[in-house]
Amino acid sequence: MNEAEPLKPGAGVNALAAAAAQPLQIGEWQADPVLDELRRGDQVQKLEPRKMRLLMALARRPQQLVTLEQLLDEVWGDVVVTPSSVYQTISQLRSVLGDDASQPRYIVTVPRKGYRLVARVSAAPTAATPTPTSTPSAGATATPLQPEQVPKRRATDRGPAPAEPPAAATLDAAAAASPLAAAPAAAAPFVPPAPAAPPAPPARSRRLLLGGSAAAAALLGSGSWWAWQRTAPMPAADITLAVLPFGDASPKNLEQPLADSLAESVIGALSRHQEIRVTARSTSFQFRSAQALAPQAQQLAVTHVLWGELRRWQQGLQLKLSLYRAADSRVLWQQALESPAAAFGSLAFDAANAALRALGVAPLPASSIPAPVADAYELYLLGLHYQRAGLMDGILKARAYFQRAIDVDPGFAPAYVGQAATWIAEFHYGNGLAFRTMDARAQPLIDRALQLDPDLPLALGLQGHLKTQLSQHEEARRWLGQALDKAPSDATLLHWSGINESDDGWPARAQPLFSKAAQLSPLAAQIQHRAGLAAVHAGQYDAAEGAYQRAIALAPEHPNGPWGLGILGFARGRLADAVGGYRKALLIDGKRDQLWHQLAWLHLDLGQTDEAQKAFAQAEAFSATPGSVRVTAAYRFVQGGDRAALEQALRLAPTGAAQARDAVIEAALLRLLLGQTAEALKAVEAVIGLVQADPIPLFNNWLCFLGRHILLDVATVYNAAGQRQKADPFIDQAAAYVDRYVKQGNVWHAAGYHRARIAALRGQPEAALAALDDAVRLGWRRAWWLAQDPALHSLHNLPRFKALLASVDDANRQQRQKLLG
């Protein structure tokens, strides 16, 4: 193969820019920006489109510095992100290229400026290259940053949070792990480097602050200040304030966790203001100075920035506050607050009101709840610090700090809320905690918090969020409505409210709430994830894809963005895309049992029984209820036609009321395939009373979207046993449920499948076939189960039904070829 002439810096740049879509030879790799592929010999690496655009942006300027600003404009011009997205994508690109940041052969970091591509770049050779089988690109760890850089996102296995993980009591992070459970959370947290100091005030003001006169000394006692207002106050309704992480000016800089959590508490206090808007922590904490935020102030819709510097004295604490105009970082006001150690618990509230007065708006009303004991408040702030990390180890440390805060001050309501949030987070992060155990741990803590402070917004909101997960949506709506009345500018509460509306089957109601949350926290990937899910339910697939791509751009190290693309592929009937999305998500976080479980079903739909078995094994390994997973895994024997293996698997299945009730019913449905109708009926009868009495239903919109409705499984067993009078109430209840969700604007292919089962069980074959036609048209691809489902037994020999199955098999064959080729 003849090697083309290398492109030289300068003149060669124009040549490349004119042929931006042409393949380039970059070192050992041939880059094809049309196919988003890197080739080296027989090896092919597929790149995400944004990674390819980043590589080509560097390759168009070989050997030249490309600044962070240029890369943000050229590669991320369609979304609002921070430089951390560049850092993470560069790190991942290095991993794919086989590059080493310490001894680079491809990409060199120019500290505080940008990057240079140092590999040889030329037009791609004209000789044809063989087309091998593609392999997914390897995962990568973000490269460490220099202290001068904007902090990077910390790589994390998880987020609600559903979402937006429930890792923080202030909750930007709530519910990241599941569409059912919030999203959460917030974009991945940042490693806090040393903060940039604000511009120094004039020397005269500094003397006033630090002393030099009796008047100054008197001012210091109650919170000394200097202030100037260079512009007329802005109307309160037009103000959007971003509170940045506070700096630490204490000796040896040991108070940074405390300073950051104090800033978070100030955000919580300001979010209760009825007029101004406050940017959420998940966005504002991505900037360490007003100067760093200024270039993106317009995109973030931020008008003002509040920054502080905390210093601990032997006798107490001092907090220097600075208010900036966001657009140009101009200092508008500064003040120093001093607090004796015993009054530390009221410092965040005092700081919030000082900032509000400086903005020229009404301060927050005084609370009737006494300030917490100072030591308890400090322990609580340290709990928030560990919670923000979004890792299971941090969640457990946070729980210990919150408990210590409660031990010191049993009347401190926010500490109970923090404790409750850690139990919800542990459940969603796949740490083996069962759902009912989570509920039993979290609910009493929320109840206690509300007894102590009935108006605490986060307690009201967390109560509503927990009710959402219990599928008690009307009650959740009431709690969340009260919370938003108290704190209308809290992005977390808006996010949770959107999740509740989405999970209750109201995507049109959810979308404005997600939009408002995103306005307050435009850099929160979890909000985008949940907005994408609402768009999927509404059948707005282009909007959903845009939301998931934004989530990936904001948090490339978080699994929920690729997972969302997998959900979208499933909804569209594009199973190869669905499998690709799930695989990418599991490369980032391989402990998500729900994702492994859903991936296994996709492999079954594609006829890949061995791959399904591997995915089921992973789901069982990480599940809190492995017995239930083993029952579901028995479906692979149905797909493979192995009756003996199915019979053996069901011998080990749970049968008693003490077992997982959904697993008992699922096993009973499978027994019908073996002709074991009496055994199936006995198993259902053993648990159905408990199912009906249980306030936590075994069905919800997410399970129905995936194609499961346990009430129809119960009805199928009763129908097979000839007990139609017992089957009818379950059929009617399921029909009402599915009809309601469709009328509320949900566009699910699985709705057609559920309606087909309902019609078939009612003895209406034509209506059942029409419903299946709708399901297949919208993307339902589970032909192997349609051919076995006992609920559809009356359809199995109909020519129209067989023709429908053949069309689905053909579509799946094409998807399988796409996945393998």
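Start at Thr67, which stands opposite Gly114 in β7. That pair belongs to β5 and β7, which run antiparallel and are joined by three bridges. Strands here are DSSP runs of E with at least two residues, helices are runs of H or I with at least four, and both are numbered from the N terminus. Two strands pair if DSSP finds at least two bridges between them.

Before going on, this is a predicted model: local features need pLDDT of at least 70, side-chain atom pairs count only at pLDDT 80 or more, and totals for chains, interfaces and linings use all residues. Residues are numbered from 1 along each chain as its sequence is written, and side-chain values use heavy atoms, with hydrogens and water left out.

Back to the strands. On what does pairing in a sheet rest? Strands of a sheet pair through backbone hydrogen bonds, either parallel or antiparallel. Here, three strands form an open sheet in the order β5-β7-β6, with antiparallel pairing. The edge strands are β5, residues 65-67, and β6, each pairing on one side only. Neighbouring strands of this sheet are turned by 30 degrees against each other on average, direction ignored.

Now the other pair. Strand β6, residues 107-110, and strand β7, residues 114-117, are antiparallel and share four bridges. In this pair, Ile107 stands opposite Leu117 in β7. The two strands form a hairpin with three residues between them, and Arg112 in the turn has a positive phi of about 65 degrees.

Which strands does helix α2 lie across? Helix α2, residues 49-59, lies across β5, β6 and β7, running at about 70 degrees to β7. Such angles run from 0 to 180 degrees between N-to-C directions, and axes are lines fitted to C-alpha atoms, for helices over the stretch in contact. Contact means heavy atoms within 4.5 Å.

Next, the helix pair. Helix α23, residues 575-588, and helix α24, residues 593-605, pack at an angle of about 150 degrees, with their axes 10 Å apart. They are therefore roughly antiparallel to each other (angles over 145 degrees count as roughly antiparallel, under 35 as roughly parallel, 65 to 115 as roughly perpendicular and the rest as oblique). Among the residues making the contact are Leu575 and Tyr582 of α23, and Trp596 and Leu599 of α24.

Last, the whole chain: the protein chain has 37 helices and 15 strands.
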